[in-house]
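Dear colleague,

I am passing on the structure we spoke about, and below it you will find some notes on what turned up.

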Amino acid sequence: MTRRVRIALLTPALLWLGGLFAWAIAGLPGFGDYRGPYGYVLNRVVVPLRHTTNVVMGTTFDVRGIDTMGEEFILFAAVLGVTLLLRDESGSKEVERHTRRLRSDAVRLMGVLMVGGGLLVGLWLVAFGYVTPGGGFQGGVVVSGAILLLYVVGNHRDYRPFRDEHVLDPLEGLGAGGYVMVGLAALASGTAFLTNLFGSGKSGTLLSGGSIGVLNWTSAFAVTAAMLLLFAHFLETYVVPLEPEDAAA
Amino acid sequence: MSWIPPLLVAIPLLSAAVVAGLDHVTPKAIQDGLVVLASTATTVLAVILLWQAESHEVVHWFGGWRLQHGVALGIDFAVGPVAAGMCVVIGIVVTLALVYSLTFMREAARLFDALMLLALGAMCGFAMSGDLFNLFVWLELMAVAAYALTGFQVEQLGPVQGAVNFAITNSIGGYLFAIGIALLYARTGALNLAQIGKTLSHGPAGGLVIVAMTLLLCGFLVKGAVVPFHLWAADAYAVAPAPVCAVLGGVMTDIGLIGVARLYWTVFEAPFGQSHAVGDVLLWLGIVTAVLAGTMAFLQRHLKRMLAYSVVCHIGIMLAGIGLLDSSGLAGAELMFLAHALLTAGLFFVAGILHVDHALIDELHLRGRGRGCRSPAIAWFAGTIGLLGTPYVGIYLGHAGIDEGATELGRPWVLALLWLGSALAGAALLRAGARIFLGWGDAEDPLLGEPMEEEPLERDVFRPLLVCVAVVAVAIGIAVSVVPGLGQRAEYAADRFREGAAYTARVMGVHPMAPAQSLAVTIRHTTLESLLYGGSATVFAVGLALVGLYRRRLPRSVRVATGRTLAPPIYVLRSLHSGVVGDYVTWLVVGTAVLGGVWAALLHG
Amino acid sequence: MSYLPYAVAAWVCVVGLAGIATSRNLIHLAICLMVTQSSSYVLLLSVGYVTHGKAPIFKETKLGTTAVDPVVQALTLTDIVVSVAVIALILALALDAHRLSGTVDPDGVADISG
């Protein structure tokens, strides 16, 4: 259909949909008037039971752990999918692509600060994810972002180890598979899948939460590896080879 | 607490991680073996689960987070015979597809296998889950895997287009679903389906619940390719490799319907069960889908696209069965799903064989080329007759169940329309089979539009394996109507599924389930009407197929008259399926808005 | 005022859908898809807000203090990951479309129809 017809159909439909939303919103409790039992119960129950002071992570990795397992595999599937869709079976991708040698010291300095800082922040977010705000996913994304910055401010050669599929693929598989193994371990020991097997430790420290800590780290591995793989595939397809004289300079 | 439900998800997912992670390290044969082993193991476990679920609802609370004072904190898998049965069928179809693909495609095989295993795990998780957000997670996992698998042949534009249309429309469906979850969560403070149902049964169901229901059901209807959300299906199935189509068309699309049924009977029956409004709308959607898709199937010349519309047509019939809101209809839908999944998979496998043999997938181009291929021809015709609903073959028992349900509710006209849809799709497949394998019919037919060819993945394949898989799939599918005792068990399973109260009670642990009655092990009797309809649909389909083949030989006056009346609607119908994603999204929005409006009008006060 | 966040969510959703349906560029379309999904984040998070509630992190705060709902935050986290996954795939498909047909216009990519 032409754009005119499309817009003619779309406008009343969207208006009507908006009206339905408005009708639904009218039935919602007001902003701030949270009634449901789920949140209140968890806020009371998770810390005493699991000693994780970050209840959100406690919920993500323990109470609703199977959701998170599915979510990790969604990311895993996306990486597999992007690898599949951007694959080049003709083998012509082995051309060595050169990037410009960086000439600005200011950019280099900023880069060192940002990459280093980013890595530290990311690792801290992961490590203390279940104690203070943070988590495996969030930290993993920050770490992978910091590593990508390395590509921007550094040399192509500096970045190459982080594009190596032979390292990243197993790391990602380990992260995702590790999550399932923790769950299976619980199953094997006679309890339900993903039951928190390890002790709860001391609240507020790194040794709290039991398997939450383990799952936190497996997620971080999986997410970091996944994001780096995604970057690698997109960069490979997107990067344009330079003129030879630029590369030689 | 049974330990099998989580394994149906854990085994495929873990295997996918292992297979993808160890891609560069282990030899091909071991990886192939591991993949098939994982899929087979899942299927076997699903069979054991089905046997367990027959006697009681199998519930598994993850992490050991059971109910505390009526509040479900954790996530559960609640498996009845319907869910377990679906897992068995999913397992069988995926295993067959994986075996088929061992020789059908060899490039990027590891990625393909891993994505298929992820889809398997996600579909099983979806069938079993008892938590609203968990359903969303599995929905998205199977969707992401499916989008990538559809675009497998990236060297051609068609697969990219199909994958884009698929990805965008289904993602929107998923996001509407997420908004629905948020709305329902605000109202009930719970994500567990049983708990939500219980909460909604007290108190009035205002606009919030109606809109939430619209969004949730539309999310599943998009996945399930129901009109007007079905437009992506033909584009996607036309371009995906045959084993992917077998999985997508055979089971993944149907699983949207089980989601609809699950949501209705656990959550929305309590507030909206008095009026038949929800069911009636679903019934009408199903009927329109069946007839429209059947017609579109007849207008196709690309084999996989034709099969895609046939899938959508049968989805419509199954949705109509669910929309009748009674056990016969639901049992009919279950049996139809069982037969349809395997027969459709088998037909896609045969299409794949033709594609590999001749590098052609267009019916007219393939005219006569199938002569001499006996096994694929037998599989194709057997599968077609099974999908047609000839008495006691394939989907017949399921169709008869739906007929019975409709008659019981005093709607005999439903039968005629549903059988019409079935016959139209069946006629298309018969026509294609006759043209390809028997060489009948004209060489050109402008009614069927422009040709769309594509390159096959491999030419050098181990053909006997492909043929064997296709034959096995069709054979199982055909036999469904004559397996003794299956009809009764399906009806029992439907009763269990519908008893929202019993499900809630079992999940909430209030009182135990009544023991299963001993069911008869005989071939179920069907009504005379169904026999007549089945027979006449077969005759009609054969006739229509012959008309399709030999249209030129009809008297000129007849041709001109029918041409004048049928050409405009056919043109309109064709142009609606434009292949442009903006149009599809527009129809999605229009459909959601209209459904919301209809349900608002029917259910509010 | 107390319904404003919900209204924002509804508006964002509708605008996102309009963008998707009328988009002329697959990359723009992917971003519109992200916009539509962010409406579900806004809605989820607003639904879980408790007036005067603190974050559900009990390291410094005493256990028992009113805190907002942690469940919707966990759900939003999952939602965001889903969004990343879908966007990654659509962007990859956009790259493929560009490579094969020279355009990223969804209307121009329509090779098969009917």
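In helix 3 of chain A, the buried residues are A:Val55, A:Val56, A:Met57, A:Gly58, A:Thr59, A:Thr60, A:Phe61, A:Asp62 and A:Val63, where buried means under 20% relative accessible area with a 1.4 Å probe and protein chains only, and helices are DSSP runs of H or I of at least four residues, numbered from the N terminus. Since 9 of the 9 residues of this helix (residues 55-63) are buried, the helix is largely enclosed by the rest of the structure. At its N-terminal end the cap is A:Asn54, with a side-chain oxygen 3.1 Å from the backbone nitrogen of A:Val56.

Please note that this is a predicted model, in which local features need pLDDT of at least 70 and side-chain atom pairs count only at pLDDT 80 or more, while totals for chains, interfaces and linings use all residues. Residues are numbered from 1 along each chain as its sequence is written, chains are lettered from A and ligands numbered from 1 in the order in which they are written, and side-chain values use heavy atoms, with hydrogens and water left out.

Turning to the interface, 70 residues of chain B are in contact (heavy atoms within 4.5 Å) with 60 residues of chain A. The two chains bury about 5,500 Å² between them, 78% of it on carbon and sulfur atoms, buried area being the accessible area (1.4 Å probe) lost on being put together, summed over both parts. In chain B, B:His24, B:Trp65 and B:Leu73 lose the most area to chain A, together 12% of what that side buries.

Best wishes

How values were computed
Buried means under 20% relative accessible area, exposed over 50%, partly exposed in between (1.4 Å probe, protein chains only). Helices (H or I, at least four residues) and strands (E, at least two) are DSSP runs, numbered from the N terminus. A polar contact is a pair of N or O atoms within 3.5 Å; within protein, one must be able to donate a hydrogen and the other to accept it, and residues adjacent in sequence count only if both atoms are side-chain atoms.
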